[in-house]
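Open the model in your viewer and keep the selection tool at hand. We will go stop by stop.

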Amino acid sequence: MKKFVAAALMIAAGSAMAQNNVGCGWGSALFNGQKGVAPQVLAATTNGTSGNQTFGITFGTSGCTQDGVVSSSWKISMFIDGSRVALARDAAAGQGENLDALASVMGVKADDRAAFAAAIKSNFGTVFANDNVAANLKEVLAANERLAGYAALI
């Protein structure tokens with residue numbers, strides 16, 4: 001039984017951390033406003049073990065809607081973490097293969113690519129100020145009127 005509970009918590013923790021929240025459902029309502037890993041894990045576990053989140057999405061109950069969009073920022077974070085040094089080099093220059101690849105992973109439209117590269121170059125010190133490159137990039141993009149929509153992807 002202990003192994004089952006530990007496995008369930010690890011799965012729920014991975015799910016909660018990947019999404020940075022657990023969406024709708026009873027667990028989300030029960031732990032609403034609480035921060036940290038533990039409340040997210042408990043909310044995800046509550047939603048997952050009772051099946052209420054699936055029911056809520058299907059029928060539009062428990063704070064769920066049927067018009068939501070599934071999204072994930074894990075690809076972007078993995079890319080940034082895996083190519084941080086090369087990405088920093090390209091970002092400082094305002095161009096390069098890694099910067100293009102990041103734009104591609106994020107789905108930046110061709111018309112916005114130059115503005116994307118320019119924003120990262122001009123905010124290089126902010127984006128690469130610490131180990132939180134993804135969070136810093138999100139902040140920079142959110143502050144840019146043209147690129148703000150891409151911040152939601154991170």
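**Stop 1: confidence.** This is a predicted model, so colour the chain by pLDDT. The chain averages a pLDDT of 79. Of the residues, 74% score at least 70.

Select residues 2–19, helix α1. Among the elements of the chain, α1 has the lowest mean pLDDT, 43. Now select residues 113–122, helix α8, which has the highest, 97.

Go back and select residues 2–20. Here pLDDT stays under 50. The model has 14 contacts beyond four places in sequence for this stretch. Where pLDDT is low, predicted coordinates should not be read in detail.

**Stop 2: a helix pair.** Select α6 (residues 84–93) and α7 (residues 97–106). How do they pack? Their axes are 7 Å apart, at an angle of about 100 degrees. An angle of 65 to 115 degrees counts as roughly perpendicular, and α6 and α7 are therefore roughly perpendicular to each other.

Show the side chains of the contact. From α6, pick A86, L87, R89, D90 and A91. From α7, pick E97, N98, L99 and L102. Five residues of this contact are nonpolar, one is polar and three are charged.

**Stop 3: a buried side.** Select helix α10, residues 133–142. Which of its residues are buried? They are V133, A134, N136, L137, V140 and L141. Look along the axis: these residues cover an arc of only 160 degrees, which puts them on the same side of α10.

Now show what covers them. The cover includes α5 (74–82), α6, α7, α8, α9 (124–127) and α11 (148–151).

Conventions
Residues are numbered from 1 along each chain as its sequence is written. This is a predicted model: local features need pLDDT of at least 70, side-chain atom pairs count only at pLDDT 80 or more; totals for chains, interfaces and linings use all residues. Side-chain values use heavy atoms; hydrogens and water are left out. pLDDT is the predictor's confidence in each residue, from 0 to 100. Helices (H or I, at least four residues) and strands (E, at least two) are DSSP runs, numbered from the N terminus. Contact means heavy atoms within 4.5 Å. Axes are lines fitted to C-alpha atoms, for helices over the stretch in contact, and angles run from 0 to 180 degrees between N-to-C directions. Angles under 35 degrees count as roughly parallel, over 145 as roughly antiparallel, 65 to 115 as roughly perpendicular and the rest as oblique. Ala, Val, Leu, Ile, Met, Phe, Trp, Tyr, Cys and Pro count as nonpolar, Asp, Glu, Lys and Arg as charged, and the others, Gly among them, as polar. Buried means under 20% relative accessible area, exposed over 50%, partly exposed in between (1.4 Å probe, protein chains only). The arc is that of the directions from the helix axis to the C-beta atoms.
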